[in-house]
Amino acid sequence: MTEQRAQADDRAVIVSTDGHISPLLSEMREYCPHEHLEAYDEFAAMRDAIREMTLTMVREIPGGAYPEILDTLDAAYHSRIEPRIPEMDRDGIAAEILFQGSTNFEPLPFGANFAGARNEGADLAAEGQHIYNAWLADAVSVAPDRFLALAQVPMWDIPAAVREVEWAAEAGFAGINFPAPRPELLHYDDPAWEPFWSACAANDMLLASHSGGAADPADLNEFWYFQFEGGGAANRRALYRMIFGGVFHRHPTLRVMFTEQPGDWWRETMSEYDSVYLQYPQLRDPDKPYYCPNRPSEYCASNVLIGASFLAPFEAHRAIDEGYARNVCWGRDFPHPEGTWKPHGAGEEPTTHLQLRYVFSEVEPGIVRDMVGGNVIRECNLDGDLLAKVAEQIDAPTYAALGVPIDAIPENAGIFSFRTVGAWG
């Protein structure tokens with residue numbers, strides 16, 4: 001993107017770092033190899049039971065956000081790309097990162113998460129991930145400049161993970177869905193991961209870690225525990241292993257984004273990491289395998305992005321005041337009901353626009369430009385000039401429009417989209 005001063009009447013180039021999609025098992029079946037079709041159909045026959053297990057937990061989310069959408073679980077925008085594009089246009093979104101996992105609660109083939117790493121289903125789980133990736137590569141091809149696809153990768157098998165990273169890069173993916181540490185995975189400072197880091201860096205693949213990945217829903221009997229164990233510091237445990245393991249020193253172009261992890265965690269985390277670092281001079285010994293010559297806060301400034309789903313005003317101002325605004329990347333959490341997106345009628349201002357005004361009405365346009373899209377464009381090497389043309393075509397709001405304070409928080413807004421205090425309030 002051509003670097004120039006943002007003007008008030010410029011269209012905002014908005015890149016959401018938090019979108020979700022879950023194709024139906026029936027839509028992915030054609031990507032399943034013939035030798036696995038019988039197993040695929042057996043798994044698909046259990047689909048309703050799998051979804052009901054998830055729904056039992058999410059019905060406990062406060063505010064009634066999820067029960068209100070249970071009648072539209074199979075809405076097309078949860079599972080298909082084409083219907084999402086008009087929704088993006090209405091919200092003024094030029095491009096969006098896509099994580100797997102929408103609110104139709106459609107499972108990946110063969111339960112393709114970490115369940116496969118615990119039993120004899122590992123090979124089928126990896127196959128299920130590739131089936132999803134192959135489907136997604138075709139799906140986003142209808143508008144490749146507007147979607148940053150993230151690949152599912154079999155992290156329990158590092159050589160297989162490297163092969164999938166290389167396949168995904170060749171297929172045009174922007175990065176991988178990077179899981180939080182789990183018992184079945186090697187710690188991220190283990191030397192065995194070096195081929196994986198090298199593959200991601202060589203192929204310019206963003207490591208995107210979404211809140212929720214640190215917890216196993218099967219081990220949680222109440223949803224509020226998921227708030228602690230699925231997000232926050234628990235979900236960022238990869239970061240200190242990568243820093244103190246020298247990953248960013250050896251791979252200075254590697255980027256990791258922590259998405260949907262709100263709150264004022266950056267300052268305290270930098271202080272904690274730096275204070276630990278200063279206690280151990282052996283970390284600065286070039287003869288040690290975990291050589292880490294710079295302070296952790298320096299690596300975070302250059303290699304870590306905050307996927308700031310439903311960013312709050314106090315978080316934006318904290319980032320500006322404390323000098324990490326260039327690490328903040330706004331997201332709308334589409335189509336999850338806790339995010340900024342809501343259906344609206346003709347002539348109504350989109351809730352996403354109201355949320356952006358709520359956050360940025362007192363922020364100067366240049367910083368708004370960075371936080372709503374410029375930081376992602378820069379760090380992911382996107383074509384900013386092309387996306388600026390998209391913003392013009394879809395009549396995205398101007399920076400001047402985003403500078404107008406809202407009159408009141410809208411009714412029926414997403415439960416986290418207009419926060420006033422703390423990480424979740």
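**Figure 1. Lining of the second largest pocket in the predicted model.** The second largest pocket is lined by 29 residues, and those nearest its centre are Leu148, Gly172, Ala174, Cys380 and Leu382. Strand 3, helix 8 (194-202) and helix 18 (384-393) are the elements that give two or more residues to this lining, and strand 3 supplies the largest share, 3 residues. The volume of the second largest pocket is about 440 Å³, and its lining divides into 19 nonpolar, 5 polar and 5 charged residues. On a 1 Å grid over the protein atoms alone, a pocket is an open set of points with protein on both sides within 12 Å along at least five of seven lines, a cavity is a set of points where a 1.4 Å probe fits but cannot get out, and lining residues have an atom within 4 Å of a point. Grid points are joined across faces, edges and corners, and a volume is the space filled by probe spheres set on the points. Ala, Val, Leu, Ile, Met, Phe, Trp, Tyr, Cys and Pro count as nonpolar, Asp, Glu, Lys and Arg as charged, and the others, Gly among them, as polar. This is a predicted model, in which local features need pLDDT of at least 70 and side-chain atom pairs count only at pLDDT 80 or more, whereas totals for chains, interfaces and linings use all residues. Residues are numbered from 1 along each chain as its sequence is written, and side-chain values use heavy atoms, with hydrogens and water left out.

Figure 2. Strands (E, at least two residues) and helices (H or I, at least four) are DSSP runs numbered from the N terminus, and two strands pair if DSSP finds at least two bridges between them. Strand 6 (residues 256-259) pairs with strand 7 (residues 304-309) in the parallel sense over 4 bridges, and valine 256 has valine 304 of strand 7 as its bridge partner.

**Figure 3. Strand 5 and its pairing with strand 4.** Strand 4 (residues 175-177) and strand 5 run parallel and are joined by 3 bridges, with leucine 207 of strand 5 as the bridge partner of isoleucine 176. Strand 5 (residues 206-210) is mostly covered, 5 of its 5 residues being buried (under 20% relative accessible area with a 1.4 Å probe, protein chains only). In a regular strand the side chains alternate between the two faces of the sheet. Leu206, Ala208 and His210 point one way from strand 5, while Leu207 and Ser209 point the other way.

**Figure 4. Lining of the largest cavity.** The structure holds 1 cavity of 30 Å³ or more, and the volume of the largest cavity is about 110 Å³. Of the 13 residues lining the largest cavity, Gly263, Trp265, Ile306, Leu311 and Glu315 are the closest to its centre. Helix 13 (265-279), strand 7 and helix 15 (313-321) are the elements that give two or more residues to the lining of the largest cavity, which divides into 9 nonpolar, 2 polar and 2 charged residues.

Terms used. Buried < 20%, exposed > 50% of the residue type's maximum accessible area, 1.4 Å probe, protein only.
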